[in-house]
Amino acid sequence: MERPGVGLQFCWQMAEVDSYDVTVDEELGEIQLVKIEKRKYWLHDDWYLKYITLKTPHGDYIEFPCYRWITGDGEVVLRDGCAKLARDDQIHILKQHRRKELETRQKQYRWMEWNPGFPLSIDAKCHKDLPRDIQFDSEKGVDFVLNYSKAMENLFINRFMHMFQSSWNDFADFEKIFVKISNTISERVMNHWQEDPMFGYQFLNGCNPVLIQRCTELPKKLPVTTEMVECSLERQLSLEQEVQQGNIFVVDFELLDGIDANKTDPCTLQFLAAPICLLYKNLANKIVPIAIQLNQIPGDENPIFLPSDAKYDWLLAKIWVRSSDFHVHQTITHLLRTHLVSEVFGIAMYRQLPAVHPIFKLLVAHVRFTIAINTKAREQLICECGLFDKANATGGGGHVQMVQRAMKDLTYASLCFPEAIKARGMESKEDIPYYFYRDDGLLVWEAVRTFTAEVVDIYYESDQVVAEDPELQDFVKDVYVYGMRGRKASGFPKSLKSREQLSEYLTVVIFTASAQHAAVNFGQYDWCSWIPNAPPTMRAPPPTAKGVVTIEQIVDSLPDRGRSCWHLGAVWALSQFQENELFLGMYPEEHFIEKPVKEAMARFRKNLEAIVSLIAERNKNKKLPYYYLSPDRIPNSVAI
C-alpha cells in the first residue's frame, strides 16, 4: 500500500529525454511552488526541464510546466500550470514569486538601440550573450556564413562565388547557376519573367505583395497621358476614366530616393533607382504595367518608359522596378515589418509578463527563436561588412537608411491585415479576383482573431479586468515606448481598455510572427532565384534616354557572377524551414493546462485545417499555385 506523501515526476532533456520519479514521504500540505536546484559537475551539463507532474496523497495530479534551461549552479521556482492574472494571486509568496521573476527577467532582457531610429532590440552583441532560454539549440544551424556557403555548394554554384566583376554573357548564361526543378514556380519565372502579365502578377502574389495600391489620382510626379498609354488601354476610355473606374494601380518606390548605394567594393560601382510604376487591370482581369518612370522627379533625362517602346528599353525599365522591389522587400517588408517588430513583442513579453500569465502562455510559442535569429543577423548579416554587403546595392549602410525612413510608415493599423488591405484600396474580390495573398491572409487572420478572442474571454470576464491588468498594460506600454520609440503617429496603443482591443492586439502579434512572415519569406527562392527577375544590385545607372539600350548593356547592368551566387545562396537558405519546425496551431509545449483553452486550441486547429483544404482545392491544376499562407506552411514564429 502506498504511504501518504507526494510523488513527483520530472521530464528532463539533455542529449536525450529522461523521466525521474521522486517520492516524498511526509505530508506537505497545499503546494504553492516547486523549487528545482542543479549543481554543476562537468563543463556542458545544461539541463532542459520540460515539466514536473505532482501526484497528491489523494491521487490528484498537478502539472508544473517549465520548458526552460537550468544552467550551471542554477535553480528554477515553478508555479502550477493554471494561468493566473496578478489579481488572482492573494498569497504573499505567490505575489513575491511573480515580482521576482519579472525583476530577474528585466535584468536579462534589456533594450538596446542598434541603430538610431530603429525599433529597440535585445542588448546582446552576439548569440552566446543571450539568455539560454531563447538561444537556438544549435548555433551552428543558424550560422549565416555557413548556411549560405552550404547552399551554394548544394546548388553546385560555389565555383562562381569568388568571381566578382565577372559579367555573364547573356540571359541564358544565368542558367549555369539556376537549379531547374521541373514544374516549380522558379522554373516558370525563368521561362516567363520578361512577360508583362508575369511582372504584374508578382505585385499581387510574389514575395512582396504589400506595395500595390489602387490609384485614385494620377501622381503629379508621373506626367503620363492617355496618348502615351492608349495602346495598353482596352476599354476605349481615357486614362483618367480608367482611374475613376478603379482599373489603374500604382507602385511607388519613393522610399529609395536618395538612399546611398553600396560602395564597399571599390572595384564595382553599384546603383539604385526610385521608380514609379503604373499598372492596369485589363479585360482578362490581369494586372499589367503600362508606364514606368525610373526616378521621382520628371524631366528630359528621366523618361517614362512604355510597353510600346523598343523591346530592351521596356525590359530594362521593368528590371529596374524588380530590383527596387527586391530592396524594399528585403529591408522593409521582411526585416523591419516582421523580424524587428516580432522581436519587440518578444522582448516586451519576457520583460513584463510572468510565465503564469495567460498572455505569456499564449504568445511564447510565437516568439520562439525570434530574438536569437535577429541577434545572429546583427552579428553576421546586416552588420558593417556583413554578408548583406556582399551582393546587395543597399548594403554598406543603405539598408540602415531605409529602415530609418520607413519607421514613419510603421503603424499599428498597417499591421492589422484587413485594415492594411483596405488602406491600399485592394479589398474587393470582385474587382481584383486573383489576389490570393489577400484572400488567404484574411482567412488566416480571422482564424487567429477567433482563437485569441476565445482565450481572452476565458481569462478576462470583462473590459474592466483588461484595463486593470497591470502586467498586460506594462507589456503594451513597453512595445509603444521602446519598440515604437514613443511615436504617437505610430498609432500603437499605450494601453488596452477592452477585451476586443486585447484580442486584436494579440492577433497582430501572432499574425505578424507567423502568417505575414511566411507570406514574405518562404517564396524567396521561387521568385528571386532567377537573377534577372530580382537583381540584388545593378552595375550601371538607370537609362536616361530611350532607344539606346542593348542586350549587352542589360547583361552588364545585372549582378556579376560572384554577387549572383551569394544572392542565390541567400534566397535558397532563407526559403528553407527549420528542422523540427512548428507550424501554426501546433503547441507541443503545454504551458496551458486548463481544458477550456485546450478546447479553443483544438477548434483553432480545425479552422486552420479547413483553410488548408480550401487553398489546396483552389490551387489544383494552377500553373502558379499560391501556398505561402496555407497554415500547414506557416511556422509559428520568425525563426529564419
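These legends describe close-up views of one predicted model.

Residues are numbered from 1 along each chain as its sequence is written. In this predicted model, local features need pLDDT of at least 70, side-chain atom pairs count only at pLDDT 80 or more, and totals for chains, interfaces and linings use all residues, while side-chain values use heavy atoms, with hydrogens and water left out.

**View 1. The largest nonpolar core holds 156 residues.**
A nonpolar core is a set of buried Ala, Val, Leu, Ile, Met, Phe, Trp, Tyr and Cys residues joined through side-chain atoms within 4.5 Å. Buried means under 20% relative accessible area, exposed over 50%, and partly exposed in between (1.4 Å probe, protein chains only). Ile-212, Tyr-460, Phe-475 and Trp-527 touch the most other members of this core. Helix α7 (residues 311-352) gives the most to this core: 20 residues. Helices (H or I, at least four residues) and strands (E, at least two) are DSSP runs, numbered from the N terminus. Another core lies apart from the largest one and has 18 residues, including Leu-233, Tyr-280, Val-288 and Ala-291. In soluble globular proteins, nonpolar side chains tend to be buried together.

**View 2. Tyr-460 and its contacts.**
Contact means heavy atoms within 4.5 Å. Neighbours within four places in sequence are left aside here. Tyr-460 then touches Leu-85, His-357, Ile-359, Val-465 and Val-466, among others. Its contacts also include Asp-469, Leu-472, Arg-499 and Leu-502.

**View 3. Helix α7 is mostly covered.**
Of its 42 residues, 40 are buried. At 1.5 Å a residue, α7 should span 62 Å, and its end C-alpha atoms are 58 Å apart, which agrees. The expected span of a helix is 1.5 Å times one less than its number of residues. α7 bends by about 45 degrees at Leu-335. The bend at a residue is the angle between axes fitted to the seven residues ending there and the seven starting there.

**View 4. His-329 sits in helix α7.**
Is His-329 buried or exposed? His-329 counts as buried because its relative accessibility is 1%. Neighbours within four places in sequence aside, His-329 is in contact with Cys-207, Asn-208, His-334, Val-520 and Gln-524. His-329 and Ile-319 are 10 residues apart along the chain, and their C-alpha atoms are separated by 15 Å.

**View 5. Helix α11 (residues 398-406) packs through its buried residues.**
Gly-398, His-399, Val-400, Met-402, Val-403 and Ala-406 are buried in α11. The buried residues of α11 pack against α7 and α10 (388-391).

**View 6. Helices α14 (residues 436-459) and α21 (residues 595-619) cross.**
Two packed helices are described by the angle between their axes and the distance between the axes. The axes of α14 and α21 come within 9 Å and cross at roughly 170 degrees. That makes α14 roughly antiparallel to α21. Axes are lines fitted to C-alpha atoms, for helices over the stretch in contact, and angles run from 0 to 180 degrees between N-to-C directions. Angles under 35 degrees count as roughly parallel, over 145 as roughly antiparallel, 65 to 115 as roughly perpendicular and the rest as oblique. Residues of α14 that meet α21 include Phe-436, Leu-443, Phe-451 and Ile-458. On the α21 side, those involved include Val-597, Phe-604, Leu-608 and Ile-615.

**View 7. Helix α21 has a buried set of residues.**
Among them are Ala-600, Met-601, Ile-611, Val-612 and Asn-619. What covers the buried residues of α21 includes α14. The 25 residues of α21 should span 36 Å at 1.5 Å a residue; its end C-alpha atoms are 36 Å apart, which agrees. After α21 comes Asn-621, with a positive phi near 65 degrees.

**View 8. Phe-369 and Arg-485 have positive phi values.**
Phi of Phe-369 is near 65 degrees, in a residue other than glycine. Phe-369 lies in the loop between α8 (358-363) and α9 (370-381). Phe-369 is buried, with a relative accessible area of 14%. Phi of Arg-485 is near 60 degrees. Arg-485 lies in the loop between α16 (470-483) and α17 (499-521). Arg-485 is partly exposed, at a relative accessible area of 32%.
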